[in-house]
Amino acid sequence: SSVLTLLSEKVTQMMEWASKRSVIRMNGDKFRRFVKAPPRNYSVLIMFTALQPQRQCGVCRQADEEFQVLANSWRYSSAFTNKVFFASVDFDEGSDVFQMLNMNSAPTFLHFPSKGKPRKSDTYELQVRGFAAEQLARWVADRTDVQIRIIRPPNYAGPLLLGFLLAAIGGLAYLRRHNLEFLFNKSVWAFSALCFVLIMTSGQMWNHIRGPPYAHKNPSTGQVSYIHGSSQAQFVAETHIVLLFNAAVTMGMVLLCEAATSDMDIGKRKIMCVAGIGLVMLFFSWLLSIFRAKYHGYPYR
Amino acid sequence: MKSSPNKGVLLQYWLSGALGGWGGTSDGKHKASTNAGGSVHGNSRPGAAGGGGGKVGLSGGLTQPAGWQSLLSFSILFLACLAGFSSRLFAVIRFESIIHEFDPWFNYRSTHHLTTNGFYEFLNWFDERAWYPLGRIVGGTVYPGLMVTAGLIHYVLNLLHITVHIRDVCVFLAPVFSGLTAISTFLLTRELWNQGAGLLAACFIAIVPGYISRSVAGSFDNEGIAIFALQFTYYLWVKSVKTGSVFWTIGCCLSYFYMVSAWGGYVFIINLIPLHVFVLLLMQRYSRRVYIAYSTFYIVGLVLSMQIPFVGFQPIRTSEHMAAAGVFALLQAYAFLQYLKDRLTRQEFQTLFFLGVSLAAGMVFLTVIYLTYTGLYVRLLTCYAKIHIPIIASVSEHQPTTWVSFFFDLHILVCTFPAGLWFCIKNINDERVFVALYAISAVYFAGVMVRLMLTLTPVVCMLSAVAFSSVFEHYMGDDTKREKPPEKAEEGLGPNIKSIVTMLMLMLLMMFAVHCTWVTSNAYSSPSVVLASYNHDGTRNILDDFREAYYWLRQNTDEHARVMSWWDYGYQIAGMANRTTLVDNNTWNNSHIALVGKAMSSNESAAYQIMRSLDVDYVLIIFGGVIGYSGDDINKFLWMVRIAEGEHPKDIRESDYFTPQGEFRVDKAGSPTLLNCLMYKMSYYRFGEMQVRRGALTPPGFDRTRNAEIGNKDIKFKHLEEAFTSEHWLVRIYKVKKLDNREPLDHKLRSVVPKQKYTSKKVPLMLGGEFALQVWRDSFRFS
């Protein structure tokens, strides 16, 4: 019976902590008492991490966010019970725990089952599965038979920004309501259409969906490469360069036409013309050489 | 041409704005000759044919500029069609007249069914040889335009006693339609800009890789004829907005009907045309012509489009079509207001106006919101790109587009078409609003998904043609311009600059033509049913393993035998081997595919239970380890696991197939689950005894695709036996043994049936889709 009282005491304590924070912060003592010590009928999922700023662990912070999402989804779901708890141990608060478990990397996710010892599959394969909350939830479902539906806090920034932008435009239009000629200015429209087209043709949508790095820094030599070596992928910097080149060629074509049709004096027009053809040829050949570098086996220069 | 004596007449013609046409002439010839030469001889010599077209023009109508002009246009257009047709023949010349890839095999099979059994039989066709044991209602789940077109051509030719096989009609349909596309692009661009730009656009579209990729000879697919229908519908639409005549609009509706019958991409038209009308209203360019054109188009087009069984009632139900209905209502309201405006006093009208406008605005707003949140946006951004439903994500065409793809498919056009857009917007009119909207929407869709590059290509050709044509218009024919008005001699930029600019521009276009030929020849002309490999001395080996294996199936198995394979090969097995398949490229039933994936990724005894329950007689797999073909089933295997895991998460786990370090390895270090699963065993059965590269230092059982010595060389089968392996081991077929052949069992075990329930989870129907073997294309070398 003393075991039972101890157990109920522990569960009550855990529930109390969990009601305050969905991820219970633990140090060495708490860990030993509530996770390691025997009478226990609940599973604990622990993230071992190093969140102190001096540790400079960027991955830990991202993993922590996902873990919080997971824990909150569990904490505020209707199926919330005292079967599963989420906890975290920071290296700077419980380094003895790290030593005890013989662990030398963070973040690590471990599952301590309610019965028996942790097995191999109770260590989450971070390298393979990544730390997305959905993946973690699948792992949890696998280990504890508790299904957690991930509910991410909605991101209000996007719609808010859009609303703000629309309000700003509307306000501007209202302020300038006696002078709305700019709406009929073809150059403005043409320019914005061109911007959109150039953004799309330089592969910004790919960047948006895939989220590649801005550029790649070779860790051994320290050399920064802006162009991705394969034709299947690209860096953000690279798309900016391509956007610029495309824009330059377009501008060259427009200049060529302007030079022939405008009514400026002949010297200026000649300069425009030469500049136009120069832009077209220079930037197009440049673009071609980048393409050649990426697309192996392309025979033309 | 420049030394022509009759300059006065020529001058008038030139100054009337058709000079771009002259520009079009010379480089139309360049491209035509380049491609015709390139396709036949395999090496391209730009500009080989000197001045053939020009001479024709000169001899014809020096006294009649109009006749001269039309003769010239006609010959350029003809040459463009010819160039387009011949540059699509690489595959036919290198290999033979054969249907390519995967989806075309299905189209071919149904066309064959159509020509042998008649149209109504085709519409009612229930295909019991696909998706065993479910079957597939073919007539109601295809866009029949392609099959009917090919069948009709076949019928007419046979009526004229030109007896061709339906296969040849199918193979050459797409190249023929590319010629028609060139003509309709010419017509459309002529309406938008001028004749010269039209000719240039026709030359561009004839050879641009972005379009060739879907229309080489043998690629008998919906897109091949749909782009023609798209361009022709747009031409007729622009024509009807310009004239406001019901005649053109009815033509437009008929063309739209053809488009609906041909390709699911008709949704693009039914959204773009209303958008055009809406923007015209916003720009206060409303006119009676627009009213007549759109009202007629919407009603007649709607009724016609609902005649296609596969489309049915979608046009009045789904959100993709709601924009058209909304704009129709808005247009009626607007026209009604205009009418009232003439009848009522100012005061009355203003009250009514505000009421009407607020109502209409609210309605349009709601429509747009509804559309954005349920339809296009969700479909294109969230579903295809972000949520990785494995079966959709596994198709390489559904990926977003990198800038390299843009450049690869469009070359110079991708940098110059914004200039054309600029000119169009600067000199705006009703139809240029249309082309600007076309460009902006198409470029967005092309950015989201690689396969939609196809809809972007025509507009890019048109706008680039506008840009080039406006440059040529000002920089060509300088001599004459300066001679005519001596008092304005200062106006010109000088002949030197002009000729330099012209030369450089022509050079760019020449580079474009060379690029197009190279891309067509190297990237888009492999049938993928027949593989070619090149030796060091440049000689070619043909690997005909696929057809060898399919023919073996056709000849040596029971007529009703059921063949299990991964879904990529379903259409080919049905088309070439004429055997029943379990899953195919029409991936409409995810749970069925997952079941096949589960069988492939389970161990032999578990797989045997699944295969028994599905009545499988043979299993067909693709194995590239002997020749280094990277598009084989082991490389696709993880997708099978993922799809299976999606439906059976308790039995299949992706992580089981990785090493503890998270690697996918087939050698000794690989995970034991992988080394004992059915797919692995079938791929590497008896491979461990094989010395692949003689003389080299590789051990037996060395997989050339994955560059590893396999980890499980001692493979024994209990329930399967090897039935056939093709010459280069590319296709391996196994026979599933009947129960009688098993070891003696007591009756208790016999009653064991698979206990798990196969839950089904519906995934939205995908529009066709095949595995592009791009990886292979880049890396495959045979030495």
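This is a predicted model: local features need pLDDT of at least 70, side-chain atom pairs count only at pLDDT 80 or more; totals for chains, interfaces and linings use all residues.
In chain B, the charged end of B:Arg642 lies over the face of B:Trp639, at 4.6 Å from the ring centre, where a charge counts as sitting over a ring if NZ of Lys or CZ of Arg is within 6 Å of the ring centre and within 35 degrees of the ring normal. Residues are numbered from 1 along each chain as its sequence is written, chains are lettered from A and ligands numbered from 1 in the order in which they are written, and side-chain values use heavy atoms, with hydrogens and water left out.

Rings also meet other rings. A pair of aromatic rings is described by the distance of the centres and the angle of the planes. Rings of Phe, Tyr and Trp (its six-membered ring) pair if their centres lie within 6.5 Å, and planes under 30 degrees apart count as stacked, over 60 as edge-to-face and the rest as tilted. Over all chains, a search of the whole structure finds 64 aromatic pairs. One of them is the tilted pair of A:Phe284 and B:Phe407, with 6.1 Å centre to centre and 35° between the planes. Because A:Phe284 lies in helix α11 (residues 266-294) of chain A and B:Phe407 in helix α20 (residues 403-410) of chain B, this pair joins two chains; helices (H or I, at least four residues) and strands (E, at least two) are DSSP runs, numbered from the N terminus. A:Phe284 counts as buried at 1% relative accessibility, and B:Phe407 is likewise buried at 1%, where buried means under 20% relative accessible area, exposed over 50% and partly exposed in between (1.4 Å probe, protein chains only). Both rings belong to one aromatic cluster, whose members include A:Phe291, A:Tyr295, B:Trp403 and B:Trp518.

Within chain B, B:Trp105 and B:Tyr108 both lie in helix α5 (residues 103-117), three residues apart, about one turn of the helix. B:Trp105 is buried at 7% relative accessibility, and B:Tyr108 is buried with a relative accessible area of 12%.

Another helix of chain B, α8 (residues 166-192), has 27 residues that should span 39 Å at 1.5 Å a residue, and its end C-alpha atoms are 38 Å apart, which agrees; the expected span is 1.5 Å times one less than the number of residues. A kink of about 40° lies at B:Leu173 in α8(B), shortly before the proline B:Pro175, the bend at a residue being the angle between axes fitted to the seven residues ending there and the seven starting there. Since 20 of the 27 residues of α8(B) are buried, this helix is largely enclosed by the rest of the structure.

Chain B also holds an open sheet of five strands, in the order β6-β5-β7-β11-β10, with mixed pairing; two strands pair if DSSP finds at least two bridges between them. Its edge strands, each pairing on one side only, are β6 (580-581) and β10 (720-725). β10(B) pairs with β11 (residues 731-736) in the antiparallel sense over five bridges, and B:Leu720 stands opposite B:Val736 in β11(B).
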